[in-house]
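Biologist: I have the file open and a few things to ask. Can we go through it together?
Modeller: Go ahead.

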Amino acid sequence: MNTREVLIMAASGLLLAGLACLPLADEGFWLTLGISLAGYVAMSTAWALFSGPTSYVSLATAAFFGTGAYVVVNLGETAPWPVVLVVAAVCGALLALLAGMATLRLTGVHFVIFTFGLAELIRQLVTWYQTNIGGAVGQYVFVDISSAQIYWQLLALCGLVFLAGWAINRSRLGLALRVIGDDETVAAHSGINTARVKLLLFCISGAFIAVVGAVLAPRWTYIEPSIAFNSMISFQVVIMALLGGSRRLWGPLVGVIPFTVLYELISGHFPNHTHLLLGTAFLLIVYFLPQGVAGRIEQLRLRRTHRETHAARSPATLGETAR
Amino acid sequence: MSNHLLLSIAGLTKVFGGLVAVNQISFDIQAGEVVGLLGPNGSGKTTLMNLISGALRPTQGSVTLEGRRLTGLPPHRIAATGVARTFQLVRVLPSLSALENVMVGAVFGPDQVSPGAARAVARSVLERVGLGGREHLHPAEMTYIDQKRIELARALAADPRILLLDEWLAGLNPTELQTGIELIRSLQAEGRTVLMVEHVMDAIRSLCDRCVVMSAGSKLAEGTPAEVLANPDVIRAYLGDDHA
Amino acid sequence: MLFLILFTSLLLGGAYALMAMGLTLQYGVARIMNLSIGETLVGAAFAAFWLQTQAQVGPLWGLLVITPAAFVLNWLIYRHLLTPLVRRAKNRGMLEVDSILATFGLLFILQGVMLALFGGNYYSYSYFSEPVELFGHTFALNRIVAFAVAAAVALALYLGLNRTRTGTAVRAVSVDPVAAGLVAIDVARTSALAFAIGGALTACGGALLSMFLTFNASMGVVFTTKALIIVIMGGVGDPRGAVIAALLLALAETTVATLVDPGLTLAATYGLFVLILLFRPQGIMGRRTA
């Protein structure tokens, strides 16, 4: 770790500690907004861990999220809370493993299509199970957790996702992912087991998202399949991550804040127009911000340093030509 | 030159639909040899390279590296046994710097070098191919030959048992070509084993210990460059009947 | 029972086939993975509903309005919204990601407009709903009429693709856009045409489905999933594959709905999809690419 990284770590730690004080100031509107922001930051950053470098657009977020929520429905009252969260992570990873094994050795399109309907498939299966075998569709969740505790857990989870992303970027795994994102053929011929790397990352990403679902589940008190497996979550997460920029660890964070605030505002005042917002956001990203805000900032910075280095270097270049 | 059998290709065949792209090819490569793979366009040279590196699965036949059967293994497993390659159309990784491009070869190659140590390896290999001091440039900022150098450096960083070069010298101007030939000659001098697909006759004459000539998927001739280039069948395959 | 299942799936498969042929043209020829195809279908169903209930024009006559309108609309979408993406894409992978995201945008905008116009309720109307006795079983006449029209349209498409100059151009672009350009085919125009025909076919399928299915504004995604799975099953770019796969899918759905539970139709679809992914990822009629 160099000095810069130590500084960033320390600053992030302080920032997290500062944010953790929010419930002391307000227990109402701001805490609710804080919970929703923290949840989406964790999910979209986890999404981008896999989808950013590989460009495989995953729409399985709602499936992972719902899986986590249903772990709480089934275990929340009997098992200790940390165990519940671990089980949620394992279930999320398992689901990612199954979906990934069927699709990840094929093209990105196969993958998108498979994840497109995955949440809906699981919703149908759970509904079917509950109506035919499990008794009733929809269940109450009785877990004794306050909003502030949920908020703290989500903040901690955000920290964990960022740490994981940072560790991955420094490791062989991170390098492998970047190579896969650039050129899968080169990756395979350089000795990278591309299918295994993608699968592993997809599992990590799925596990984190499932834990978010589990942590948020007690807020509903009543859960039915159409709430837990709401495919809108998948699309929102994609938009936030891409809006911010999915190729940088901090990118999704930049996208989550404006989009969540805008979404809350619009769904509060014009509940029928959230679809139009989502649609416009997608078009905006594709046509005006293909690399996201983070990518745009980077581009501008690169252009500037480029101009500077060129100005500095031109005499040397001339010398080289003369030789 | 240590004379032991390194790579052995036996009865290798690839059929696409009704087209036999590679037909019953057999030859051996000894350790330390530079072998040229020649033939007119469309004779199946690149397909053969793809069969060796695992990009394609053969329909029939086998590839063996020091007694270990590579046939049917996925490309990453073949790379792990020490087969490294460059591509006919240069393939560098655009979002990685030159140094990172080359590190990839060392980190995921047969030796599985740690990222930290791979940096040092990459630096020395870049120096070797003539890119010293330009480690931090991105491929987009480099010329065609420099991109080809990166690709070669990436393959070399894996410290491969055998290096497959697919028209690595194609598209270079005369000066660059001389530099390129020198570079490959230096690989030869340090005892590397190379299988190269090539059209540049100067390069073949001055570099190859031995050549295999393919035509329409089959092996037409095998021998020293002088032998095969004088072979009437080879002349006919390249230039047509009138010149034979 | 077996006969009933087979015949019901055949009738349902007709409309599915139109939608899947539409998507296979859009993806296989114009290279656009259109994830808003379900909304095109549902939009056409609403148009047919509106024409029948408000303008007293039956859906069969309505097709003469809906199909050309969808053609023009999809032409405009391709020309103005998607062509810039085709131009800037450096490779096929980039275009795929871009077109997926852009058509997500379309999906939500179309859905938003339909929700604003019709709300979230389910709609249906009655048209040719008298029962018909066929081989000892009773079927609704509208299903049979819808199937007959779908079959006629599919046949017309097949002849158009295989017997006309333009059709040959479309098939050429599907195989290799670069090579097609070299033999003086206007690839941009042919792609736009294929995309527009694809949209028109889908709309046609939607209007036909509306004769016997209830629908609502947010149902498009379900149809998109089905269309996508059918296209992958059939082999991208091959309309014959799309027809076979559509019938297979309808058969799987009907079988599960009749014998097991109507709530598990999507599971049946996915089951079929997974089998294809594991054993024949290039699709039933697809060529295995190297």
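Biologist: How many aromatic pairs does a search of the whole structure find over all chains?
Modeller: The search finds 33 aromatic pairs over all chains. Rings of Phe, Tyr and Trp (its six-membered ring) pair if their centres lie within 6.5 Å; planes under 30 degrees apart count as stacked, over 60 as edge-to-face and the rest as tilted. The rings of Phe7(C) and Phe139(C), for instance, have centres 4.9 Å apart and planes at 55 degrees, so this pair is tilted.

Biologist: Before we go on, what kind of model is this?
Modeller: This is a predicted model: local features need pLDDT of at least 70, side-chain atom pairs count only at pLDDT 80 or more, and totals for chains, interfaces and linings use all residues. Residues are numbered from 1 along each chain as its sequence is written, chains are lettered from A and ligands numbered from 1 in the order in which they are written, and side-chain values use heavy atoms, with hydrogens and water left out.

Biologist: Are Phe7(C) and Phe139(C) buried or exposed?
Modeller: Both Phe7(C) and Phe139(C) are buried. Buried means under 20% relative accessible area, exposed over 50%, partly exposed in between (1.4 Å probe, protein chains only).

Biologist: Which residues form an aromatic cluster in chain C?
Modeller: One cluster is formed by Phe46(C), Phe49(C), Phe118(C), Tyr123(C), Tyr125(C) and Phe215(C).

Biologist: New topic, interfaces. How many residues does the contact take from chain A and from chain C?
Modeller: Chain A gives 35 residues and chain C gives 40 residues, with contact meaning heavy atoms within 4.5 Å. The two chains bury about 3,400 Å² between them, 79% of it on carbon and sulfur atoms. Buried area is the accessible area (1.4 Å probe) that two parts lose on being put together, summed over both. In chain A, Ile113(A), Phe116(A) and Tyr287(A) lose the most area to chain C, together 19% of what that side buries.

Biologist: What about polar terms across A and C?
Modeller: The count of salt bridges between chain A and chain C is 0; a salt bridge is a side-chain nitrogen of Lys or Arg within 4 Å of a carboxyl oxygen of Asp or Glu. There are 10 residue pairs in polar contact, both residues at pLDDT 80 or more. A polar contact is a pair of N or O atoms within 3.5 Å; within protein, one must be able to donate a hydrogen and the other to accept it, and residues adjacent in sequence count only if both atoms are side-chain atoms.

Biologist: Which element gives the most to the side of chain A that touches chain C?
Modeller: That is α15(A), with 9 residues. The residues of that side divide into 24 nonpolar, 9 polar and 2 charged. Ala, Val, Leu, Ile, Met, Phe, Trp, Tyr, Cys and Pro count as nonpolar, Asp, Glu, Lys and Arg as charged, and the others, Gly among them, as polar.

Biologist: And chain A against chain B, how much do they bury?
Modeller: About 2,000 Å² between them, 60% of it on carbon and sulfur atoms. Arg172(A), Asp182(A) and His189(A) supply 35% of the area that chain A buries there, more than any other three residues. The contact takes 17 residues from chain A and 24 residues from chain B.

Biologist: How many salt bridges are there across A and B?
Modeller: The rule finds 2. In one of them, the side chains of Arg178(A) and Glu100(B) meet at 3.2 Å, N to O. The interface also has 10 residue pairs in polar contact. On the side of chain A that touches chain B, α9(A) gives the most, with 6 residues, and the residues divide into 6 nonpolar, 6 polar and 5 charged.

Biologist: Last one, backbone. Which residue in a loop of chain C has a positive phi?
Modeller: Arg31(C), at about 60 degrees, although it is not a glycine. Arg31(C) is in the loop between α1 and α2 (37-54) of chain C and counts as buried at 14% relative accessibility. In chain A, Thr221(A) has a positive phi near 60 degrees, and Thr221(A) is partly exposed, with a relative accessible area of 44%.

Notes
Helices (H or I, at least four residues) and strands (E, at least two) are DSSP runs, numbered from the N terminus.
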